[in-house]
Amino acid sequence: MNMSVYRNSLLEHALHPGVECFSTLREAVLPYPVLQAHQTHSDNVAVVSDRSMVRDDLEGVDALVTGLRDFAIGVRTADCIPVLMFDPVRNVAAAVHSGWKGTVRMISSRTLEVMKERFGSDPSDVIACIGPGIGPDSFQVGPEVVGVFISAGFPESLVEDRGAKVPGTMEGGLHLDLWEANRWILERSGVLPVNISVCGIDTYSHNDMFYSARREGISCGRIINSIRII
């Protein structure tokens, strides 16, 4: 592995000594292969138990769970929220793609259910990191999106009305906090608050570091958020 490329191209997440986690910066070179799915903003979760699995085996999947050692799984994001999880008791890792649609569907909760069903994980043992994604200052939404979240049972405190919207900017309007929405899902699902970390990096405002679909359009590049049991 070219360590200079590795260190200069990846944002590493200190999750647990038993795993290696990172989110790539712009133009990054992956240090090793990372299995990714064909994501569709669903709440579908796949268990990766075969090292020969490839992306074509994972159509319509937005979260991966594995107990395989030395096998990296990951999700692609460009403003959506990546959630990386590890159960050090059962030695199980998960990578979750949670955009606003996946967040409404509570895909992180569904992933924890799969970890419990397939591996016997207890959510109170799970350590989670909410990685780089669009922050509340940049996630300006319409009332219809707010309505979907409130109807799904999310707390109103996740939404801030900043007054009159300034056209062409992120100033004013309704702003939704996807970071805290995902933290709320994890805590509601049994993950201990002390075991949840939020990266706090807004991909929209860091145009020199991260891709952002809202800023650049949906055809922009993607951040790879990876976790590997070591």
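**Close-up 1. Strand β2 within the predicted model.** In this predicted model, 6 of the 6 residues of strand β2, which spans residues 19–24, are buried, so the strand is largely enclosed by the rest of the structure. The covering applies to both faces of β2: V19, C21 and S23 lie buried on one side, while E20, F22 and T24 are likewise buried on the other.

**Close-up 2. The partners of strand β2.** Strand β1, made of residues 10–13, pairs with β2 in the antiparallel sense over 4 bridges, and a hairpin of 5 residues joins β1 to β2. Within this pairing, E12 stands opposite F22 of β2, a residue that is itself buried. Strand β2 is also joined by 5 bridges to strand β13, residues 223–229, and these two strands run antiparallel.

Close-up 3. Residue S42 is found in the loop between β2 and β3, the latter covering residues 45–48. Its relative accessibility is 11%, and because buried means under 20%, S42 counts as buried. The side chain of S42 reaches the backbone nitrogen of N44 at a distance of 3.1 Å. When its neighbours within four places in sequence are left aside, S42 is in contact with G60, V61 and D62, and also with G102, R105 and I107.

**Close-up 4. The largest pocket and its lining.** The largest pocket of the model has a volume of about 490 Å³, and 20 residues line it. Of these lining residues, H41, A78, C80, H97 and A213 lie nearest the centre of the pocket. Strand β5 (73–77) and the helices α2 (100–104) and α6 (213–216) each supply at least two residues of the lining. Sorted by class, the lining of this pocket comprises 8 nonpolar, 6 polar and 6 charged residues.

**Close-up 5. N182 in helix α5.** Helix α5, which runs over residues 178–188, holds N182, and this residue counts as buried because its relative accessibility is 0%. The residues N182 and W100 are 82 residues apart along the chain, and their C-alpha atoms are separated by 9.7 Å. Apart from neighbours within four places in sequence, the contacts of N182 are with I81, V83, S98, T103, S108 and I130.

Conventions. Residues are numbered from 1 along each chain as its sequence is written. This is a predicted model: local features need pLDDT of at least 70, side-chain atom pairs count only at pLDDT 80 or more; totals for chains, interfaces and linings use all residues. Side-chain values use heavy atoms; hydrogens and water are left out. Buried means under 20% relative accessible area, exposed over 50%, partly exposed in between (1.4 Å probe, protein chains only). Two strands pair if DSSP finds at least two bridges between them. A polar contact is a pair of N or O atoms within 3.5 Å; within protein, one must be able to donate a hydrogen and the other to accept it, and residues adjacent in sequence count only if both atoms are side-chain atoms. Contact means heavy atoms within 4.5 Å. On a 1 Å grid over the protein atoms alone, a cavity is a set of points where a 1.4 Å probe fits but cannot get out, and a pocket is an open set with protein on both sides within 12 Å along at least five of seven lines; lining residues have an atom within 4 Å of a point. Grid points are joined across faces, edges and corners, and a volume is the space filled by probe spheres set on the points. Ala, Val, Leu, Ile, Met, Phe, Trp, Tyr, Cys and Pro count as nonpolar, Asp, Glu, Lys and Arg as charged, and the others, Gly among them, as polar.
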